[in-house]
Amino acid sequence: MSMASSFCIPNSTSPNKTYTLSTPFLLKKHLFGTTLPCLSTKVPFKLCSLPTSIKCAVTEAPSEKKSQLMRRSDIRNIAIVAHVDHGKTTLVDSMLKQAKVFRDNQFVQERIMDSNDIERERGITILSKNTSITYKDTKVNIIDTPGHSDFGGEVERILNMVEGVLLVVDSVEGPMPQTRFVLKKALEFGHAVVVVVNKIDRPSARPEFVVNSTFELFIELNATDEQCDFQVIYASGIKGKAGLSPENLAEDLGPLFEAVIRCIPGPKINKDGALQMLATNIDYEEHKGRIAIGRVHAGSLRRGMDVKICTSEDACRFGRVSELFVFEKFNRVPAETVEAGDICAVCGIDDIQIGETIADKSEGKPLPSIKVEEPTVKMSFSVNTSPFVGREGKYVTSRNLRDRLYRELERNLAMKVEDGETADTFIVSGRGTLHITILIENMRREGYEFMVGPPKVINKREGDRLLEPYEIATVEVPEEHVGSVVELLGKRRGQMIDMQGLGSEGTTFLRYKIPTRGLLGLRNSILTASRGTAILNTVFESYGPWAGDISTRDLGSLVAFEDGTSTSYALMSSQDRGQLFIGPGVDVYKGQIVGIHQRSGDLALNVCKKKAATNVRSNKEVTVVLDTAIDFSLDDCIEYIQEDELVEVTPSSIRMLKNPKASRKTR
């Protein structure tokens, strides 16, 4: 958005001199009517003239150096990026509905793009997805991306397919850790950015602060002058309204669509060149096999065409395109030909991998391969060796486990799998514990049985120095719980960077730099310390020096010392020792963790003991009152376990146990 305009600054030496200021400062003056200092001169100014029309600096690009390169004006490729829970999937819902993708009487569920079962259950986007709408004869390809930092690899890949991004920012929270990550990647690609201040209808919305904070983030990330000159749209995704000012929203998302057409350039293509298409995403259908999704960079792609699949200039093989699809509205539609600049899906190449180039059979050359940041956390996967093995799962052998893990690498570039110390152990590395936990959840739903160890950070060594990953953690917490949260983060070697209040909602915003080791098991501890009110978000920052020893758990475990079925009689005496994970009538085995000990160190106890059946009767029967058992989810179990403990994962159950191999080592 080129909203640069002349401002008059009182000056005795040159009274008629004018200065040009950048977008956000004019925006604040224009929208909020305040007198603001110019950063460079530090003197007050007044507005001499207002722009009569809004243009976008990013569209006024210099003429292309190479004559064969041209821009398509009938297509826009955009990605919607944001921090988790800032409302981008809800915003896509409204965009699809207003673009008449669905019939007026058609039932449409919320968060249409979150089609995966786990996405719906957890309320987060895990996989990026494509759709398209048509606005005023312009096709807009939209890619909805994950907001959680653990799935940043999805975002990094998707940015190869687009020319611009809609950066969605919450009107109260402002830029958050993942906002910084996705914006940094978009700016590195040189993409145009339209900032959408979402949830503007919140009572404590503070749009001026959010716009200023976003502009400061652009400067901090070394954005170019054109990128800093961004268009700001104020929107309420859930109501389907948008506008150029927070007080004056249109009845629909028209201003947002106009901003996309005006501010995000069309794809730059070589129309008459040799075919080049980078496989950026992989889908799979039972009848069609592997489906490569990507943007055609040069030439055109036809159904039935013979092509060359290249990883590098020297590593190429041949294949044929059996079917070709483009994205129309919410579906994949068959196409005979796809021109350069459009996003399409290709069938028929069964062994294609993410990052490979589909090129012209004779003259095609590979595009630069996709690179994503390295994993920071690893976990061990091994075959299930508990007494209950094979009761519930369909796939229990090491061969089944190996095949499934290596198959995951085909579509998950940010993950790595290595063979472990033994033949039945594998080391899986990812961006964070959630990244690996989603894989575990998918596998158990597919019928796999296996065991996983505790998460560990991936360290690096430079010379004699040991380096470990550090993350930026932000915590929103009510004022009355700030003390306990600060104490907890301090124990885990966290260093406070920032602390500020958040408007009228009475919450405090804490920003810490903390080793990734200190974050393992932190989420439950913070929820306990804040009585369930704190919100924790993290994003990887960099590797730094080893921070020293960190204690992540003070209490031990209650461990069953014999096989059997738990009884009320045994649990009544056991609950005095701590908090239990099980109720009566549950099958347990020796070594299974059945609760949290109230002190440090583990305690073995018998939860299967039965009341002796003698003929001695008391006058009064004792009433058994049991506390409610703690119900740990998969994420909770992985956070809880220590070095000598494992999580047993089956399609129907999640159990924790002491690692028999670790127990033998300590004896």
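Q: Where does H191 sit?
A: H191 is in the loop between α5 (177-188) and β9 (192-198). Keep in mind that this is a predicted model.

Q: Is H191 buried or exposed?
A: Buried, with a relative accessible area of 7%.

Q: And which backbone oxygens lie by a polar atom of its side chain?
A: There are two to look at here: the backbone oxygen of L159 lies 2.8 Å from a polar atom of the H191 side chain, and for the backbone oxygen of V162 the distance is 3.2 Å.

Q: What else does H191 touch, not counting residues up to four places away in sequence?
A: L159 and V162 are on that list, along with E163, G164, A186 and Q227.

Q: OK, β9 came up. Which sheet order does β9 belong to?
A: β9 is part of an open sheet of 7 strands, with mixed pairing, and the order is β6-β7-β5-β8-β9-β10-β11. The edges are β6 and β11, each of which pairs on one side only. On average, neighbouring strands in this sheet are turned by 30° against each other, ignoring direction.

Q: How do β5 and β8 pair, parallel or antiparallel?
A: Parallel, over 5 bridges.

Q: Why call α2 largely enclosed?
A: Because 8 of the 11 residues of α2 (residues 88-98) are buried, the rest of the structure largely encloses this helix. The buried ones are K88, T89, L91, V92, D93, S94, M95 and L96.

Q: What covers them?
A: The cover includes strands β5 (75-82), β6 (129-135), β7 (138-144), β8 (164-170) and β9, and also helix α8.

Q: Switching topic: how many salt bridges are there in the whole structure?
A: The search finds 31. One of them joins the side chains of K241 and E251, at 3.9 Å from N to O. K241 is in strand β11 (residues 241-243) and E251 is in the loop between β11 and α8 (254-263), so this pair ties together parts 10 residues apart in sequence.

Q: What does R517 form a salt bridge with?
A: With E468, and the closest N and O atoms are 2.6 Å apart. R517 belongs to helix α12 (residues 516-519) and E468 to strand β29 (residues 465-478), so the bridge ties together parts that are 49 residues apart in sequence.

Q: Buried or exposed, those two?
A: R517 is buried, with a relative accessible area of 14%, and E468 is buried too, at 0%.

Q: What about K658 and D602?
A: Their side chains meet in a salt bridge, 2.6 Å from N to O. This pair links distant parts of the chain, 56 residues apart: K658 is in strand β40 (residues 654-658), and D602 is in the loop between β37 (593-597) and β38 (603-605). K658 is buried at 13% relative accessibility, whereas D602 is partly exposed at 40%.

Q: Which residues are linked with them in a network of salt bridges?
A: D644 and E645 are in that network with D602 and K658.

Note on methods. Residues are numbered from 1 along each chain as its sequence is written. This is a predicted model: local features need pLDDT of at least 70, side-chain atom pairs count only at pLDDT 80 or more; totals for chains, interfaces and linings use all residues. Side-chain values use heavy atoms; hydrogens and water are left out. A salt bridge is a side-chain nitrogen of Lys or Arg within 4 Å of a carboxyl oxygen of Asp or Glu. Helices (H or I, at least four residues) and strands (E, at least two) are DSSP runs, numbered from the N terminus. Buried means under 20% relative accessible area, exposed over 50%, partly exposed in between (1.4 Å probe, protein chains only). A polar contact is a pair of N or O atoms within 3.5 Å; within protein, one must be able to donate a hydrogen and the other to accept it, and residues adjacent in sequence count only if both atoms are side-chain atoms. Contact means heavy atoms within 4.5 Å. Two strands pair if DSSP finds at least two bridges between them. Axes are lines fitted to C-alpha atoms, for helices over the stretch in contact, and angles run from 0 to 180 degrees between N-to-C directions.
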